[in-house]
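Please consult the sequence and the structure below while reading.

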Amino acid sequence: MKRNRENGVKERGQITNQHDEMTELSLMFNELMNSLKQAFRQQQFIEDASHELKTPLSIIHRHLSR
């Protein structure tokens, strides 16, 4: 978790072949980081698409307002 705080969501917990609480916690942590990374990607896509559509829509709106 310290590495994750320092390096961002790309870090993952180490998974061992043991069947203990730490391995289970690492698996859940990794799933959480994967979900968080996916959410960031989706948010970035929405922001990028919104930005890219703003100018053409403004131009169309100006032409229609005349």
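Contact here means that heavy atoms lie within 4.5 Å. On that basis, and leaving aside neighbours within four places in sequence, Asn-30 is in contact with Arg-12, Gly-13 and Ile-15. The model is a predicted one.

**Overall form**

- The protein chain contains two helices and zero strands.
- Its radius of gyration is 21 Å, well over the 11 Å that the globule rule gives for 66 residues, so the chain is more spread out than a compact globule.
- Along the principal axes, the C-alpha atoms of the protein chain fill a box of roughly 70 × 20 × 10 Å.

**Surface and burial**

- The accessible surface of the protein chain amounts to about 6200 Å². Carbon and sulfur atoms account for 57% of that surface.
- Of the 66 residues of the protein chain, 11% count as buried.

**Largest pocket**

- The volume of the largest pocket is about 230 Å³.
- Two elements give two or more residues each to the lining of this pocket, namely helix 1 (2-7) and helix 2 (21-65).
- Helix 2 supplies the largest share of the lining, with four residues.
- The residues that line the largest pocket include Met-1, Lys-2, Arg-3 and Asn-4, together with Glu-11, Arg-12, Gly-13 and Gln-14. Met-22, Leu-25, Ser-26 and Phe-29 are also among the lining residues.
- Sorted by class, the lining comprises four nonpolar, four polar and four charged residues.

**Ser-26**

- Ser-26, one of the residues that line the largest pocket, lies in helix 2.
- The relative accessibility of Ser-26 is 16%, and buried means under 20%, so Ser-26 counts as buried.
- Not counting residues up to four places away in sequence, Ser-26 touches Gly-13, Gln-14 and Ile-15. Of these partners, Gly-13 and Gln-14 are among the residues that line the largest pocket.

**Asn-30**

- Asn-30 likewise has its place in helix 2.
- With a relative accessible area of 11%, Asn-30 is buried, because the cut-off for burial is under 20%.
- Gly-13 and Ile-15 are among the contacts of Asn-30, and Ser-26 touches Gly-13 and Ile-15 as well.
- Asn-30 and Lys-10 are 20 residues apart along the chain, and their C-alpha atoms are separated by 9.6 Å.

Conventions: Residues are numbered from 1 along each chain as its sequence is written. This is a predicted model: local features need pLDDT of at least 70, side-chain atom pairs count only at pLDDT 80 or more; totals for chains, interfaces and linings use all residues. Side-chain values use heavy atoms; hydrogens and water are left out. On a 1 Å grid over the protein atoms alone, a cavity is a set of points where a 1.4 Å probe fits but cannot get out, and a pocket is an open set with protein on both sides within 12 Å along at least five of seven lines; lining residues have an atom within 4 Å of a point. Grid points are joined across faces, edges and corners, and a volume is the space filled by probe spheres set on the points. Ala, Val, Leu, Ile, Met, Phe, Trp, Tyr, Cys and Pro count as nonpolar, Asp, Glu, Lys and Arg as charged, and the others, Gly among them, as polar. Buried means under 20% relative accessible area, exposed over 50%, partly exposed in between (1.4 Å probe, protein chains only). The radius of gyration is taken over C-alpha atoms; the globule rule is 2.2 Å times the number of residues to the power 0.38. Accessible areas come from the Shrake-Rupley method with a 1.4 Å probe; for residues, only the protein chains shown count as cover.
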